[in-house]
Amino acid sequence: MHTAVPVSVDAMIEDLRTLVEVESPSRDLDALATSAKTVAAFIESRLGGQAVLVESEAGPHVHWSAGGVPKVLVLGHHDTVFPLGTLERRPFKVENGHATGPGVFDMLGGLVQAVHGLATLADLSGVEILVTADEEVGSHSSRPLIEERALACGAVLVMEGAADGGALKTGRKGCGTFQVSIAGRASHAGLEPAAGVNALIEAAHQVLDIAALARPDIGTTVTPTVAAAGTLDNVVPAEATLVVDVRVESAGEKERIESAFAALSPHLDEAKISVQGSVGRPPMPESASSELFALAERLLPGLEGKAVGGGSDGNFTAALGVPTLDGLGAVGGGAHADHEYLVVEAMPERANLVAGLVHAIRHQR
């Protein structure tokens, strides 16, 4: 059994500061290029070897391997949801036991803890780290690489932030976004309203139809989130769009929802509907995490596991049948929000948990 080795909180905080102070909004290729180089340099400084930048249309992914037969993939991302300039408004700081700043919890803190934990192990052969550039925008570019390395390694540890109370994430819903576009016909709202086809009225019908697809009793949420219609106050709207967030717990529900969106039909004569989107992240069933969570519980008795609604790249690896454990990153909260924070005193325990899991997985395989 791997025994906990002291890790330096001060060193982790300084590395976290370095990463947070390089802003990395998704889709900003220049910022992501700088961020990827910073992440690569951080990994190399703590673990040695060479971190390779894997170029993509979404920005560079960072891949590091200790060599040997692949046995475990440590997975994270370096893109954040915050636009450039957030750091100026909300600089990195540590006070009252919390570190704050854009991306500390989601998920730069987890990366820092993982690397410092790995640095305590004498032998890292079989260990790989993959830090992607597009997780926050759907992982379209990184998914093939994630799946390739997950299948090669056979076990995945995801460094996303912990669930409430520090629980690990043992299951995740599948999630996706749909856009419904409605075409009507414009006319003068005062002179000849009946000559038009009101896309806004059609959208209102569709919102109710779509919301009725939800089955919260079995974990399926269908939430219309954004709507747009109309041009002027005296014109019957010719166009409308709806954006809908969907979360499901089972593959069967994914199929039902996708089929239902494909079958949406207009209520108004001559209105037309088109739908784009899918449940792009498959569900991560709790069965995918059971083997690795049992290891984690032995290392940290009393540890909790929770199934959560949000998705991560662990959804992809779990769907392949690769054992996957998520939520191993920072303890804290406020992901994607201005009050995002990381609990500093939990950092050493979580770093050692990652080290213990990697040690155990390597010796099992």
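Where does Q50 lie? Hi everyone, let's start there. Q50 lies in the loop between α2, residues 29–47, and β1, residues 51–54. Before going on, please keep in mind that this is a predicted model.

Now, is Q50 buried or exposed? Its relative accessible area is 59%, and the cut-off for exposed is over 50%, so Q50 is exposed. If we set aside its neighbours within four places in sequence, Q50 is in contact with E44, H63 and W64. Take W64 from that list: Q50 and W64 sit 14 residues apart in sequence, and their C-alpha atoms are 6.4 Å apart in space.

Let's move on to a helix. Helix α10 covers residues 347–364, which is 18 residues. From its first C-alpha to its last it reaches 26 Å, close to the 26 Å expected at 1.5 Å a residue. How many of the residues of α10 are buried? The count is 13 of the 18, so α10 is largely enclosed by the rest of the structure.

With 57% relative accessibility, H363 counts as exposed.

What does α10 pack with? One partner is helix α1, residues 9–20. The two helices meet at an angle of about 90 degrees, and their axes are 10 Å apart. That angle makes α1 roughly perpendicular to α10. Which residues meet there? On the α1 side we have V9, M12 and I13, and on the α10 side M347, P348 and A351. Sorted by type, the residues of this contact are 6 nonpolar, no polar and no charged.

An α-helix has 3.6 residues a turn, so residues three or four places apart point the same way.

Last stop, a sheet. Here 4 strands form an open sheet in the order β4-β5-β16-β15, with antiparallel pairing. At the edges are β4, residues 93–95, and β15, residues 332–333, each pairing on one side only. In general, strands of a sheet pair through backbone hydrogen bonds, either parallel or antiparallel. For a close look, β15 pairs with β16, residues 341–343, in the antiparallel sense over 2 bridges. And which residue in β16 is the bridge partner of G333? That partner is Y341.

Terms used. Residues are numbered from 1 along each chain as its sequence is written. This is a predicted model: local features need pLDDT of at least 70, side-chain atom pairs count only at pLDDT 80 or more; totals for chains, interfaces and linings use all residues. Side-chain values use heavy atoms; hydrogens and water are left out. Two strands pair if DSSP finds at least two bridges between them. The expected span of a helix is 1.5 Å times one less than its number of residues. Buried means under 20% relative accessible area, exposed over 50%, partly exposed in between (1.4 Å probe, protein chains only). Axes are lines fitted to C-alpha atoms, for helices over the stretch in contact, and angles run from 0 to 180 degrees between N-to-C directions. Angles under 35 degrees count as roughly parallel, over 145 as roughly antiparallel, 65 to 115 as roughly perpendicular and the rest as oblique. Contact means heavy atoms within 4.5 Å. Ala, Val, Leu, Ile, Met, Phe, Trp, Tyr, Cys and Pro count as nonpolar, Asp, Glu, Lys and Arg as charged, and the others, Gly among them, as polar.
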